[in-house]
Amino acid sequence: MTRESWRTRLGFILAAVGSAVGLGNVWRFPWMTAENGGSAFLVVYLAIILLIGVPGLLAEFVIGRRSQRNPAGALFRLSGSKSWGAVGLFGVVTAVVLLSFYSVVGGWILRYFLASFTGGYFGSPGAYFGSINFGLPAVGFHVAFLGLTSLVVLGGVRDGIEKATKVMMPAIVVLLVALAAWATTRTGADAGLSFYLDFDAAYLRANFFDVLGAAAGQALFTLSLGVGTMITYASYLGDDHNLAFDGSIIAVLNTGVGVLAGFVVFPLLFATVGELTGPAASGGGPGALFVSLAGAFTQVPFGQVLAIAFFGVIVLAALSSSISMLEIPVAYLVDEHDLERRTATGALAGLVLLTGSANALNPALFDFVASTLVDLMLTAGLAGFLVFVGWVLGKDAVAEFSTGAGSRVQSLGPAWLWSVRTILPLFLLGTLAVNLLALAGVSILG
Ligand code: TRP
């Protein structure tokens with residue numbers, strides 16, 4: 001059977017943007033921004049996207065297109081070494097771990113979307129979240145969300161992922177622009193905008209390393225790096241693509257959607273609550289911004305319509321990301337173990353049904369997986385891919401980088417390779433070491 005490929009260039013770009021745009025942009029980015037000094041975080045985050053995110057994205061693209069394989073098969077085939085194959089397999093495993101918590105959050109969102117029609121949480125937003133976030137109700141909606149994800153992946157690259165994301169992405173942008181236009185013109189929105197946009201140098205100086213760590217983690221998460229999503233998606237590409245150009249478009253669109261979400265969230269919170277207080281400001285866990293925002297919708301005219309639009313955006317964004325997580329292990333089983341796409345998708349959906357339910361039933365496990373474990377695995381994974389591209393592929397990576405590109409982009413190849421060999425993995429390994437020490441410190445003290 002011949003391997004599938006994208007039908008059009010736009011189809012690939014939108015699928016990759018669909019992977020990148022997700023809960024990371026609409027939920028995690030405003031939450032991290034709120035916890036890390038607003039504008040101070042925004043500036044550092046944008047710098048990291050440019051200096052680490054884009055070159056890292058291109059490294060995954062180069063591996064994927066050159067090998068035409070899933071992450072494990074790609075690293076094994078390009079190097080002939082089983083150990084490198086294991087590094088790729090680590091990414092495949094990370095994808096399963098990631099989907100196991102992402103699908104639970106996706107279930108919450110699905111539930112909020114449906115409850116926006118009935119007004120289910122309008123009475124007491126805080127208590128409502130507490131009653132649905134973990135336990136059997138959470139399991140049910142996790143399974144529903146996983147079912148939707150599996151249906152798209154079952155359809156395959158062209159008829160499933162490409163078709164679905166081509167509709168979802170424009171819908172997301174249109175709805176978010178409308179919501180931002182509305183939110184920023186509310187009375188009281190100014191305070192939110194200045195929290196978001198007025199650069200606070202003093203905060204940054206006092207908390208530099210915390211902000212740096214949070215911004216780096218967020219940058220990898222939002223660009224879907226370190227797992228092999230972008231390896232897998234680029235493996236369905238031909239030689240006529242300009243990787244650097246496509247990668248830049250993807251990063252710009254993804255960052256744009258994140259920044260746009262900030263223009264919805266902060267004005268809305270400040271306009272209704274007056275200042276950033278309560279769960280959103282203190283960072284009271286993963287549900288914080290959720291509770292505050294749903295609460296905000298209950299306080300404004302036409303709140304119900306706005307809530308439907310807002311949670312509708314998030315459902316679409318979350319789905320276009322979760323399908324990219326499931327596609328990695330599916331591609332692995334199809335490429336390396338000759339399974340039918342149907343069998344592979346079914347088997348993996350069954351597995352994630354179990355691992356996700358464990359997260360939905362155990363808040364402590366969920367917290368550990370969603371923050372600590374995922375951060376560590378993404379950072380280690382991307383460091384592995386970069387060392388592979390820099391030191392194993394080397395000159396071949398520059399050749400792949402240049403294939404299909406104009407001469408101006410081609411001249412950037414050597415500088416890109418240099419950064420992939422040196423500062424980028426050093427930065428990631430440094431972050432990893434700091435995170436691991438913190439983890440060890442906690443467990444020694446605790
Ligand atoms: N980028 C997505 C988001 O922001 C999440 C995501 C999809 C992801 N695929 C990934 C994160 C792979 C890390 C790795 O919601």
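Predicted model: local features only at pLDDT ≥ 70, side-chain atom pairs only at ≥ 80, totals over all residues.
Figure 1. Gln 68 is placed in the loop that runs between helix α3 (39–67) and helix α4 (71–79). The backbone angle phi of Gln 68 is near 55°, which is a positive value in a residue other than glycine.

**Figure 2. Asp 338 in the loop between α16 and α17.** The loop between helices α16 and α17 contains Asp 338. Asp 338 has a relative accessible area of 69% and is therefore exposed. Phi of Asp 338 is near 55°, again a positive value in a residue that is not glycine. Asp 338 is also one of the residues that Leu 333 touches.

Figure 3. Leu 333 belongs to helix α16, which comprises residues 303–337. With a relative accessibility of 17%, Leu 333 counts as buried, because the limit for that class is under 20%. When residues up to four places away in sequence are set aside, Leu 333 touches Asp 338, Leu 339, Ala 344 and Leu 348. A separation of 26 Å lies between the C-alpha atoms of Leu 333 and Phe 141, two residues that are 192 residues apart along the chain.

**Figure 4. A nonpolar patch on the surface.** Three residues, Val 143, Leu 353 and Leu 354, form a nonpolar surface patch. Together they have about 250 Å² of accessible area. Leu 354 is part of helix α17, residues 341–361. Its relative accessibility is 61%, so Leu 354 counts as exposed.

**Figure 5. Ser 116 in helix α5.** Helix α5 spans residues 82–118 and includes Ser 116. Is Ser 116 buried or exposed? The relative accessibility of Ser 116 is 0%, and this residue therefore counts as buried. The side chains of Ser 116 and Tyr 121 are joined by a polar contact of 3.0 Å. Apart from residues up to four places away in sequence, Ser 116 touches Tyr 121, Gln 304, Ala 307, Ile 308 and Phe 311.

**Figure 6. Ser 321 in helix α16.** Ser 321 is located in helix α16 and counts as buried because its relative accessibility is 2%. Neighbours within four places in sequence aside, the residues in contact with Ser 321 are Gly 18, Ser 19, Val 21, Gly 22 and Tyr 102. A polar atom in the side chain of Ser 321 lies 2.9 Å from the backbone oxygen of Ser 19. The C-alpha atoms of Ser 321 and Thr 149 are separated by 9.1 Å, and these residues are 172 residues apart along the chain.

**Figure 7. The ligand and its surroundings.** Around the ligand there are 17 residues, of which Leu 23, Gly 24, Tyr 102, Phe 221 and Ser 224 come nearest. Tyr 102 is also in contact with Ser 321. Which atoms of the protein lie 2.8 Å and 2.9 Å from atoms of the ligand? A polar backbone atom of Gly 24 is 2.8 Å from an oxygen atom of the ligand, while a backbone N or O atom of Phe 221 lies 2.9 Å from a ligand nitrogen atom. In the side chain of Ser 324, an N or O atom is 3.3 Å from a nitrogen atom of the ligand. Taken alone, the ligand exposes 360 Å², and the protein buries 100% of that area.

Key
Residues numbered from 1 in each chain as written. Heavy atoms only, no water. Patch = residues over 30% accessible without salt bridge, like charges linked within 9 Å, V, L, I, M, F, W, Y side chains within 5 Å. Areas by Shrake-Rupley, 256 points an atom, 1.4 Å probe, with all protein chains shown as cover. Salt bridge = Lys/Arg side-chain N within 4 Å of Asp/Glu carboxyl O. Helix = DSSP H or I, 4+ residues; strand = E, 2+ residues; numbered from the N terminus. Buried < 20%, exposed > 50% of the residue type's maximum accessible area, 1.4 Å probe, protein only. Near = heavy atom within 4 Å. Polar contact = N/O pair within 3.5 Å; in protein donor to acceptor, adjacent residues only side chain to side chain. Contact = heavy atoms within 4.5 Å.
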